[in-house]
Amino acid sequence: MPSEEVKKRFSIESESSSIENPPKITKTVEVEEEEEDIQFSDEEEEEELQKPQIINNNPRMQRYLVAFEYHGGKFFGSQQQAVRRTVIGALQEAFRRFVGQPVKIISSSRTDAGVHALSNVCHVDVERISKRRPGEVLPPYEPEVVRNAVNHYLLKYEGDVAVVDVRCIPADFHARHRALERTYFYRILSGPEPLSTFERGRAWHVEEELDIVAIQKACRVLVGDHDFSSFRGTGCQAKSPIKTLTELSVTEVASTPYFPSKVERDQANPMEQDPIVSSSTSGIDVTCKVPASIKDKLGGFDAVFGEEFGRRKVHRCYVITARARSFLYHQVRLLVGVLKAAGTGEITTSDVERILNAKTVTATSAMAPAHGLYLGRVKYKLP
């Protein structure tokens with residue numbers, strides 16, 4: 001049971017968002033078996049957009065719009081499942097711990113196992129009832145209180161999902177139906193070197209060198225209004241394969257994580273001396289110099305092994321951006337697979353046109369893996 005301090009801080013009468021000595025959360029059991037063929041798309045489908053919106057008419061409820069990020073590596077997708085650990089399941093459990101009763105979360109976009117999100121969005125209805133006087137309804141929680149409280153419990157629940165923003169919205173605002181546009185990013189690291197430990201599960205490692213100009217030409221073929229049947233995964237429930245791809249582009253960016261070289265550090269911190277730490281703000285000299293004997297040893301080490309010893313060779317990093325109101329099932333990953341093939345020279349721009357016009361997924365190159373895909377942003381016109 002929660003401590004008295006937790007009860008006080010999270011009682012409905014309290015406006016505080018901090019928590020001390022919270023109870024531990026029981027983790028959802030993960031099943032060690034092959035993933036079932038469950039049709040949860042890694043891109044948005046439009047099959048539900050025409051369904052009537054369910055409006056919450058309970059005046060005691062406050063609807064919140066919640067933006068959240070997650071690393072998809074340990075999730076079996078975003079949508080709630082009976083046994084397996086999912087993003088929405090983690091969020092619902094954290095909200096339940098916070099408000100003391102079950103909640104239903106509706107997300108804007110569904111993602112497959114392994115897919116990440118920089119900012120996915122959902123809505124949730126919360127009724128703030130007094131725990132000291134059951135039945136007494138109190139004013140809604142402030143958005144900042146919701147964010148801090150839910151993040152506290154999420155941190156106890158593996159810590160690979162976090163709420164980044166919360167806003168109060170009208171009862172008829174629907175996170176999925178009101179979305180105007182969705183942006184996905186796909187990261188590719190190119191180079192023969194093995195992938196860094198810090199990048200595994202966060203990007204697609206392509207050993208071949210990529211021709212960015214060839215990828216850009218392929219993007220120009222695919223952007224716009226098209227029948228994307230060739231980029232429609234098996235099991236897609238969308239009523240029409242025709243989509244408007246507002247943006248499809250490729251950008252080379254700095255490989256991350258990034259740390260400054262010695263030249264960059266020297267340029268940013270010009271010093272005549274050779275200190276480790278220096279401060280003159282107090283008027284006291286606290287400079288700490290490296291002893292000459294140690295410097296001689298370091299110099300000899302560099303002379304024998306060279307300055308590049310111990311440094312990992314950097315991959316070239318490319319980010320493909322896909323932007324549209326909605327996507328077909330697996331559309332972004334199938335698009336990336338074709339763009340990668342164009343970049344390695346496996347196919348030409350004419351081949352990309354042929355694949356698009358074939359209107360069958362069997363004509364498409366191999367689909368890109370899930371772990372390089374990120375849901376970047378969901379755009380709304382907020383009230």
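Is Glu247 buried, partly exposed or exposed? At 24% relative accessibility, Glu247 counts as partly exposed, where buried means under 20% relative accessible area, exposed over 50%, and partly exposed in between (1.4 Å probe, protein chains only).

## About the model

This is a predicted model, in which local features need pLDDT of at least 70 and side-chain atom pairs count only at pLDDT 80 or more, while totals for chains, interfaces and linings use all residues. Residues are numbered from 1 along each chain as its sequence is written, and side-chain values use heavy atoms, with hydrogens and water left out.

## Salt bridges

Let us stay with Glu247 for a moment. Its salt-bridge partner is Arg323, with the closest N and O atoms 2.9 Å apart; a salt bridge here is a side-chain nitrogen of Lys or Arg within 4 Å of a carboxyl oxygen of Asp or Glu. The pair links distant parts of the chain, with Arg323 in strand β9 (residues 316-324) and Glu247 in strand β8 (residues 242-253), 76 residues apart. Helices (H or I, at least four residues) and strands (E, at least two) are DSSP runs, numbered from the N terminus. Arg323 counts as partly exposed because its relative accessibility is 22%.

In the whole structure, a search finds 13 salt bridges. One of them joins the side chains of Glu199 and Arg187 at 3.0 Å, N to O. Glu199 sits in the loop between β5 (181-190) and β6 (204-206), and Arg187 in strand β5, twelve residues apart. Both Glu199 and Arg187 are buried. Elsewhere, Glu93, Arg96 and Arg97 are linked in a network of salt bridges.

## Helix α8

Which residues of α8 are buried? They are Val352, Ile355 and Leu356. Seen down the axis of α8, these buried residues fall within an arc of 95°, so they line one face of the helix; the arc is that of the directions from the helix axis to the C-beta atoms. They pack against α4 (212-222), β7 (224-227) and α7 (331-344), contact meaning heavy atoms within 4.5 Å. On the face turned away from the buried side, α8 carries the exposed residues Ser350 and Asn357. Just after the helix, Lys359 takes a positive phi of about 55°.

## Ser119 in strand β3

Ser119 is found in strand β3 (residues 116-127). With a relative accessible area of 16%, Ser119 is buried. Leaving aside residues up to four places away in sequence, Ser119 touches Ala67, Phe68, Leu375, Gly376, Arg377 and Val378.

## The second largest pocket

The second largest pocket has a volume of about 630 Å³. Of the 23 residues that line this pocket, the closest to its centre are Pro257, Tyr258, Phe259, Arg312 and Val314. On a 1 Å grid over the protein atoms alone, a pocket is an open set of points where a 1.4 Å probe fits, with protein on both sides within 12 Å along at least five of seven lines, and lining residues have an atom within 4 Å of a point. Points are joined across faces, edges and corners, and the volume is the space filled by probe spheres set on them.

Helix α5 (residues 262-268) gives the most to the lining, with three residues. The lining divides into nine nonpolar, seven polar and seven charged residues. Ala, Val, Leu, Ile, Met, Phe, Trp, Tyr, Cys and Pro count as nonpolar, Asp, Glu, Lys and Arg as charged, and the others, Gly among them, as polar.
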